[in-house]
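Me: I would like to go through the terms used for this model and see what each one rests on.
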Amino acid sequence: MSTIIEKIKDLKTKRNAVILAHNYQRGDVQDIADFAGDSLGLSQQAANTKADIIVFCGVHFMAETASILCPDKVVLLPDEHAGCPMANMITLKQLRIKKNEHPHAKVVCYVNSTAAIKAESDICCTSSNAMKIVSSIPKDQEIIFIPDKSLGGYVSSKLNRPMILWEGYCPTHHRILSEHIIILKTKHPEAKVVVHPECTPDVIALADHVASTTGIAKYCKETDAKEFIIGTETGILHRLKKENPQKTFYAITLLADCSNMKLISLEKVLWSLEDLVYQIKVPDDIAAKARLAIQKMLDLS
Ligand code: SF4
């Protein structure tokens with residue numbers, strides 16, 4: 001009798017499907033994926049794939065981004081309830097009011113946002129290219145940065161560039177506290193502290209390195225240090241341990257577990273391929289506008 005993994009592989013071939021998984025997915029889901037990475041890497045993979053079907057192991061906005069970039073492909077999200085609380089912290093109405101208050105401002109939109117919000121924005125960014133995207137906008141141009149105040153604040157302070165920040169945040173990353181780092185540093189004084197820019201400023205202030213999940217993976221691989229204290233969603237530890245078996249990784253807190261990301265399981269990936277559920281399709285008019293903002297980002301990346 002075939003195992004669930006064999007069934008997924010078999011069906012994937014029959015349907016000419018590709019499986020994309022975010023670095024925050026469960027380890028077994030990352031392992032079955034054709035590509036595991038961060039939002040930017042996954043968008044690039046989606047944009048370039050020759051597959052007919054994309055199974056997106058992530059949250060809703062990621063599957064929407066794939067649908068925007070590949071309007072002719074079937075995009076599947078294995079659990080229709082896998083949303084992102086941060087993406088839901090801004091509505092179209094709220095954004096339009098803010099734009100009216102600042103009619104000359106450019107809107108830079110973190111990809112962790114709905115398709116409708118992207119469609120109302122000038123350019124998108126991810127945590128790995130936010131600095132580059134903001135730097136591409138003339139210095140005298142006012143910027144509204146949505147929806148993550150932590151990423152926006154980090155970019156703003158690094159570039160010494162004031163921006164109007166939306167009050168959104170990632171609840172998962174905000175569970176990581178500076179107190180946790182101080183305690184871990186006492187136990188492991190040689191360990192490097194590596195955190196994601198969705199963390200709060202006091203956590204970022206204690207970090208040796210701040211990066212997207214792909215940037216974190218690269219840093220941990222290339223740095224000589226043997227121990228790392230990791231401040232991002234705990235799913236990344238699977239990849240870090242797998243890629244660096246001789247190194248030791250400590251999660252700053254196991255509370256940094258995104259229950260939405262973890263809704264995807266191997267069983268749901270299989271059911272998704274069997275029944276072609278749940279199909280995510282962004283309406284053409286919204287997709288056309290959102291594509292412009294995403295494409296501008298991809299061109300600059
Ligand atoms: S980790 Fe944060 S930003 Fe990512 S999906 Fe979960 S809630 Fe959203």
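Reply: This is a predicted model, in which local features need pLDDT of at least 70 and side-chain atom pairs count only at pLDDT 80 or more, while totals for chains, interfaces and linings use all residues. Residues are numbered from 1 along each chain as its sequence is written, and side-chain values use heavy atoms, without hydrogens and water.

Me: Which residues touch the most other members of the largest nonpolar core?

Reply: They are Ile19, Ile54, Val108, Ile146 and Met297, in a core of 93 residues. A nonpolar core is a set of buried Ala, Val, Leu, Ile, Met, Phe, Trp, Tyr and Cys residues joined through side-chain atoms within 4.5 Å. Apart from it lies another core, of 14 residues, including Tyr219 and Phe228.

Me: Why is Thr49 called buried?

Reply: Its relative accessible area is 16%, and buried means under 20% (exposed is over 50%, partly exposed in between; 1.4 Å probe, protein chains only). Thr49 is therefore buried.

Me: What is Thr49 in contact with, leaving aside neighbours within four places in sequence?

Reply: Thr49 is in contact with Val18, Ile54 and Lys73, where contact means heavy atoms within 4.5 Å.

Me: What makes up the shell around the ligand, by class?

Reply: The shell has seven nonpolar, two polar and one charged residues. Ala, Val, Leu, Ile, Met, Phe, Trp, Tyr, Cys and Pro count as nonpolar, Asp, Glu, Lys and Arg as charged, and the others, Gly among them, as polar. Among the surrounding residues are Val59, Asn112 and Glu198, each with a heavy atom within 4 Å of the ligand.
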